[in-house]
Amino acid sequence: MFQPISIFIGLRYSRSRSRTGFVSFITFFSIVGILLGVTSLITVVSVMNGFEGELKKRILGIVPHVVINDVDKVQSFYAANENNTQAKALSNTSPSWQPLRQGLLEFPHVLHVSPFLESEALIQSPSGLQGVLMQGIEPIYEQNNIINQDMVIGSLNSLSDQPYTIVVGQSLARQLKVTLGDEVRLVLPNKSVFTPMGRIPVQRVFTIGGIFNVGSQVDESMVYVSNKYGAKLLRRKGDGIDKLRLYLDDAFHANTVVKQLLLAQQAPNNKQTPVMPQHHLANTLPQEITFSVWSESQGVLFSAVNMEKNMMWLMLSLIVAVAAFNIVSALVMVVIDKQGEIAILQTLGFTRAGVVKIFITQGMVNGLWGIILGSVFGVLLTLNLNSIITMLGVNLLGVGVQHLPVELVLSDVFTIVLSALAMSFIATLYPAYKASTTLPAEVLRNE
């Protein structure tokens, strides 16, 4: 024998065919319960990961992860910094936000920085009127924006190629019954001009140069124009840019990046080591600018999704726990059935620890069968979930073609497997302890 005697006997007991039918049924039920619980956990958690990923892609792909406000007030900051010759040169030859943008690109986790302006607006067509958020952008800095990647018709570059062009979402285009090349009127209710008829809101006719479809509420609430013409509507000088948006490698690093930005902003006052010594533009930031993060507007939604994911995990874990603790019933019956053999082993010098190991081994074998089969079925079901739904003709959302977002994360699978193993191990402890307390004299007296 190449394995310890306790493990050898435990494996023999687990393969034994001499158990009563009821004990075999309880054992089978516990294995199937663990199998179904692990399969359900892997599948549901993968679907929840997929939904969370889609939210991050469709909402956080558009919503700026970090916004730098009031960048139009920093014209003199870098130019006045005598020790910052590169920033001074930039401020003399480019817009006021350009030196700041160059410095922000050097911070950890920052992938892209793009300038923009925004204002509430009304968009009107012959068929309807809708309130929207107008953003003025420079298309050259938005090539990595999800809007540019999800254009249905037209191009984001049309904003700079053609005067007074606007890009709208597909849902908004349907509501207004407009398409590429149609004209719409953009009205800014917060800005007004004097006319012979009195004060009226600023307004201008724009031509639709592109339609995008991100697949979120942004499709009906956001429109894009060139910052040049947005500045004219807002009666601003120059390019009108007053904000910078930062896109990070992970939106959940936003608070970390803001802390670094605040340290850089305070650097001239506290004499601390610069945050980014490799690039002096990032060592200090103007005191005039302020920061906001995506969680201020979208944090509640993601907190709700995360709480729902945790609750689903908890409920399905309870299914696995119930199935795992069926092992207790099966093992207790086995202990009662094997009392004579346990007593003989003890009279031959077998220790109580050895008896405990026998029944822990037997219980863990049953648990392992359920966990291994559940993991295999769970992974296969997750990878083929959409194909199975299509084959069965099931439409879970009740609209259009059904396609569930699925993201199988190996770390989640390992966590589920380890949790199920821990539950199975805990379930074996009581029966194994009861077996070890068997008194040989009492059991063998009537043999």
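Predicted model: local features only at pLDDT ≥ 70, side-chain atom pairs only at ≥ 80, totals over all residues.

Residues are numbered from 1 along each chain as its sequence is written, and side-chain values use heavy atoms, with hydrogens and water left out. Helices are DSSP runs of H or I with at least four residues, numbered from the N terminus.

**Helix H12 against helix H14**

- The axes of helix H12 (residues 326–337) and helix H14 (residues 352–383) come within 11 Å and cross at roughly 140 degrees, where an axis is a line fitted to C-alpha atoms over the stretch in contact and angles run from 0 to 180 degrees between N-to-C directions.
- H12 and H14 are therefore oblique to each other, since angles under 35 degrees count as roughly parallel, over 145 as roughly antiparallel, 65 to 115 as roughly perpendicular and the rest as oblique.
- The crossing of H12 and H14 is right-handed, a term for the near helix being turned clockwise from the far one by less than a right angle.
- Ile327, Leu331, Val334 and Val335 of H12 are in contact with Phe359, Gln362, Gly363 and Gly367 of H14, contact being heavy atoms within 4.5 Å.
- By class, this contact of H12 with H14 has 5 nonpolar, 3 polar and no charged residues; Ala, Val, Leu, Ile, Met, Phe, Trp, Tyr, Cys and Pro count as nonpolar, Asp, Glu, Lys and Arg as charged, and the others, Gly among them, as polar.

**Helix H12 against helix H16**

- H12 also packs with H16, at an angle of about 20 degrees and with the axes 9 Å apart, which makes H12 roughly parallel to H16.
- The crossing of H12 and H16 is right-handed.
- On the H12 side, Ile327, Val328, Leu331, Val332 and Val335 meet Ser424, Ala427, Thr428, Tyr430, Pro431 and Ala435 in H16, and the residues of this contact divide into 9 nonpolar, 2 polar and no charged.

**The largest cavity**

- A search of the whole structure finds 1 cavity of 30 Å³ or more, a cavity being a set of points on a 1 Å grid over the protein atoms alone where a 1.4 Å probe fits but cannot get out.
- The largest cavity holds about 40 Å³ of space, the volume being the space filled by probe spheres set on the points.
- Its lining, meaning residues with an atom within 4 Å of a point, consists of Val38, Leu41, Ser317, Val320, Ile416, Ser419, Ala420 and Met423.
- Helix H2 (21–58), helix H11 (295–324) and helix H16 (410–436) each supply at least two residues of this lining, and the largest share, 4 residues, comes from H16.
- By class, the lining of the largest cavity has 6 nonpolar, 2 polar and no charged residues.

How values were computed: 1 Å grid on protein atoms, 1.4 Å probe; cavity = no way out; pocket = protein on both sides within 12 Å on 5 of 7 lines; lining within 4 Å.
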